[in-house]
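Me: I am new to this structure and would like to learn how its descriptions are reached. Could you show it to me and then take my questions one by one?

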Amino acid sequence: MEGLVHYRINPIHATRRQYHSCLVPAFSLLLSKNFTKTPVLFMKGHRSFNSVVASVQPLDASGLGHFDNTLPSKVILQLWRSADAVCFDVDSTVCLDEGIDELAEFCGAGKAVADWTARAMGGSVPFEEALAARLSLFKPSLPQVQEFLETRPPKISPGINELVKKLKAKNTNVYLISGGFRQMINPVASILGIPPENIFANQLLFGSSGEFVGFDVNEPTSRSGGKATAVQKIRKVRGYKALVMIGDGATDLEARKPGGADLFICYAGVQLREAVAVKADWLVFNFADLINSLE
């Protein structure tokens, strides 16, 4: 199959590897303190990817009269139109699915992991607890992740490509902030033309034989409140005057706080999480609404 991702595997030993970004402090991306005696492998992919353009329709907002935030106020519209940075969640927002659920299903543990994901996105359990619990259920190996990426291209939500293009045309910087995994988000970023330094996500860790050994607990997005931390760092370093967070889950809502996002837009075109949606500044079911409001 043409256009698939081909990976080079590099062994990383117990030496410190610096992440060169002005947005986050330097830390070891690939080794946690529990694995300092184990060589760890990571995946580095080329930047050409195919995607599946979604043919499904976003959820319909009809019959949801109990939400009073589906029509933005003038203040909300002005904030949206004047934003100089927009941060997107990835799973069930930029993409149609939850990446960890899809990987778990591929590895044979889909149902059990999906149940944990629903609890985590609803905010009923700490994110770090849910992440560790889900990974422990199927422990994906490096070969499994590679095969998954090669056989299941990203499923991009309808309208997201056009929205990102329109934002970039307005000189609005676009970021991907996810509790998912960098290995699975890099292809999405490549499709949308978002540079690697604008990705904040988790990192899977593998042993010298490709076996799963954990995830990097130093990534801010590996724990509850991590997206808020990432957004605050972005804003502090870049000095943005108006920043918007778009997503579907509790961890996205958390990003709206002093020094973080000014505006939280709940995208419910894939999953409607009512506890999150009711607290959003603006609830949308179709990216076309956001595209049209920029004109």
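Reply: Gladly, and let us begin with helix 9, whose buried residues pack against strand 4 (85–88), strand 6 (173–181), strand 7 (199–202), strand 10 and helix 10. Please keep in mind that this is a predicted model.

Me: Which residues of helix 9 are the buried ones?

Reply: They are Gly226, Lys227, Ala228, Ala230, Val231, Ile234 and Arg235. Helix 9 itself covers residues 226–238, and just after it Gly239 takes a positive phi of about 70°.

Me: What makes the span of helix 9 close to the expected one?

Reply: Helix 9 has 13 residues, and at 1.5 Å a residue the expected span is 18 Å. From first C-alpha to last, helix 9 reaches 18 Å.

Me: Which residues of helix 5 are buried, and what follows the helix?

Reply: Phe127, Ala130, Leu131, Ala133, Arg134, Leu135 and Phe138 are the buried residues of helix 5. Lys139 follows the helix, with a positive phi near 40°.

Me: Why is Lys139 called exposed?

Reply: Exposed means over 50% relative accessible area. Lys139 has 51%, so it is exposed. You will find Lys139 in the loop between helix 5 and helix 6.

Me: What makes the phi of Lys139 worth a remark?

Reply: Most residues other than glycine have a negative phi. Lys139 is not a glycine, yet its phi is positive, about 40°. Ser92 is another residue other than glycine with a positive phi, near 60°.

Me: Is Ser92 buried or exposed, and how do you know?

Reply: The cut-off for buried is under 20% relative accessible area. Ser92 has 2% relative accessibility, so Ser92 counts as buried. Ser92 lies in helix 2 (residues 90–94).

Me: Which residues does Asp248 touch?

Reply: Ser92 is one of them. Leaving out residues up to four places away in sequence, Asp248 touches Asp89, Asp91, Ser92, Thr93, Glu98, Cys266, Tyr267, Gln271, Arg273 and Val276. Asp248 lies in the loop between strand 10 (243–247) and helix 10 (250–253). Its relative accessible area is 0%, so Asp248 is buried.

Me: What makes the pairing of Asp248 and Thr93 a polar contact?

Reply: A polar contact needs a pair of N or O atoms within 3.5 Å. The side chains of Asp248 and Thr93 make such a contact at 3.4 Å.

Me: How do you know that Thr221 and Asn202 make a polar contact too?

Reply: Their side chains are joined by a polar contact of 3.1 Å, to be set against the limit of within 3.5 Å. Thr221 is found in the loop between strand 9 (212–215) and helix 9. At 3% relative accessibility, Thr221 counts as buried. Its contacts, not counting residues up to four places away in sequence, are Phe127, Ile177, Ser178, Gly179, Phe200, Ala201, Asn202, Gly226 and Lys227. Among these, Phe127 is a buried residue of helix 5, while Gly226 and Lys227 are buried residues of helix 9.

Me: Why are helix 3 and helix 6 called roughly perpendicular?

Reply: Angles of 65 to 115 degrees count as roughly perpendicular. The axes of helix 3 (residues 99–106) and helix 6 (residues 142–151) cross at roughly 110° and come within 10 Å. The two helices are therefore roughly perpendicular to each other. Helix 3 contributes Glu102, Leu103 and Phe106 to the contact, and helix 6 contributes Gln144, Val145, Glu147, Phe148 and Thr151. By class, four of these residues are nonpolar, two polar and two charged.

Me: Why is Val284 called buried?

Reply: Val284 has 1% relative accessibility, and the cut-off is under 20%. Val284 therefore counts as buried. Val284 is found in strand 12 (residues 282–284). Val284 and Asn69 are 215 residues apart in sequence and 8.7 Å apart in space, C-alpha to C-alpha.

Me: How many helices and strands are there in the protein?

Reply: There are 12 helices and 12 strands. Of the 295 residues in the protein, 53% are buried.

Definitions and conventions. Residues numbered from 1 in each chain as written. Predicted model: local features only at pLDDT ≥ 70, side-chain atom pairs only at ≥ 80, totals over all residues. Heavy atoms only, no water. Axes fitted to C-alpha atoms, helices over the stretch in contact; angles between N-to-C directions. Helix = DSSP H or I, 4+ residues; strand = E, 2+ residues; numbered from the N terminus. Parallel < 35°, antiparallel > 145°, perpendicular 65-115°, else oblique. Contact = heavy atoms within 4.5 Å. Nonpolar A, V, L, I, M, F, W, Y, C, P; charged D, E, K, R; others polar. Buried < 20%, exposed > 50% of the residue type's maximum accessible area, 1.4 Å probe, protein only. Polar contact = N/O pair within 3.5 Å; in protein donor to acceptor, adjacent residues only side chain to side chain. Expected span 1.5 Å × (residues − 1).
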